[in-house]
Amino acid sequence: MFVALEGIDGSGKTTVSSGLRHKLENDGIKVYLTHEPTFNVEDIAGDLISRRDSESALKLFFMFTEDRYKHQAEISEKLDQGYLVLCDRYLYSSFAYQGSLLEGIFGTREKVVAWMSGVSEIIKVRPDINIYLDISADTAIKRIWNRRRITGFEDLQYLDRVRSYYTGVLRKHLIMMNGEDPVERIVGSIYDIIRR
Ligand code: TYD
């Protein structure tokens, strides 16, 4: 089984995925935890990540898609070996983070998503379920503030737009969770969904 965890920065994906891993491993399930991007964004993408123009977003979209294209082979191998693969961010991170900056080119969100879906046809390994942890951009900024590292992706207005992709045009692909609930409750709910 392949599970992707989605959400804006600060939504708790990392804490939730390690909690989930622990719980599933206690049941004797082999869990492979992985993350996208597989590269360090600041090192590889430089100041592209703090730009909010469509050309930078296009470049980033291709970079993340190429990264995913390679990553899917590793995921597929682990699935064949009987692992439950838990991936912190996957396809819909690109749709939400880069898509929200491409509307100027395409006109509507639906057209942006249709184009991204076409390009992403090279991604053959798809999650069985995509879980989305919803938090407000306000909560995100408060949480990120407490961390040491803040990336160029993280500003209130932008995160709010990214969120509106997840909760709007992408909603039908996602299982929605309230990311402001206590971590144990979120982990428990996702665990129940996976077991079912
Ligand atoms: P990272 O430092 O790994 O943050 P996190 O642990 O919160 O996921 O950086 C990931 C950043 O890259 C995050 O701000 C979102 C962004 N991103 C995209 O913009 N598009 C993508 O396709 C992916 C996978 C990530």
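1. R52 is partly exposed, at a relative accessible area of 30% (buried is under 20%, exposed over 50%, partly exposed in between; 1.4 Å probe, protein chains only). D155 is likewise partly exposed, at 29%.

2. The model is predicted: local features need pLDDT of at least 70 and side-chain atom pairs pLDDT 80 or more, whereas totals for chains, interfaces and linings use all residues. Residues are numbered from 1 along each chain, and side-chain values use heavy atoms, without hydrogens and water.

3. R52 and D155 form a salt bridge, with the closest N and O atoms 2.7 Å apart (side-chain nitrogen of Lys or Arg within 4 Å of a carboxyl oxygen of Asp or Glu). R52 lies in the loop between α2 (41-45) and α3 (54-80) and D155 in the loop between α7 (137-145) and α8 (156-167), so the pair ties together parts 103 residues apart in sequence.

4. The count of salt bridges is 11. Among them, R21 pairs with E25 at 3.2 Å between the closest N and O atoms; both residues lie in helix α1, 4 residues apart (helices are DSSP runs of H or I, at least four residues, numbered from the N terminus). R21 is partly exposed at 31%, as is E25 at 37%.

5. Helix α1 (residues 13-26) packs on helix α9 (residues 183-195) at an angle of about 55°, with axes 9 Å apart (axes are lines fitted to C-alpha atoms over the stretch in contact; angles run from 0 to 180 degrees between N-to-C directions).

How values were computed. Helix = DSSP H or I, 4+ residues; strand = E, 2+ residues; numbered from the N terminus.
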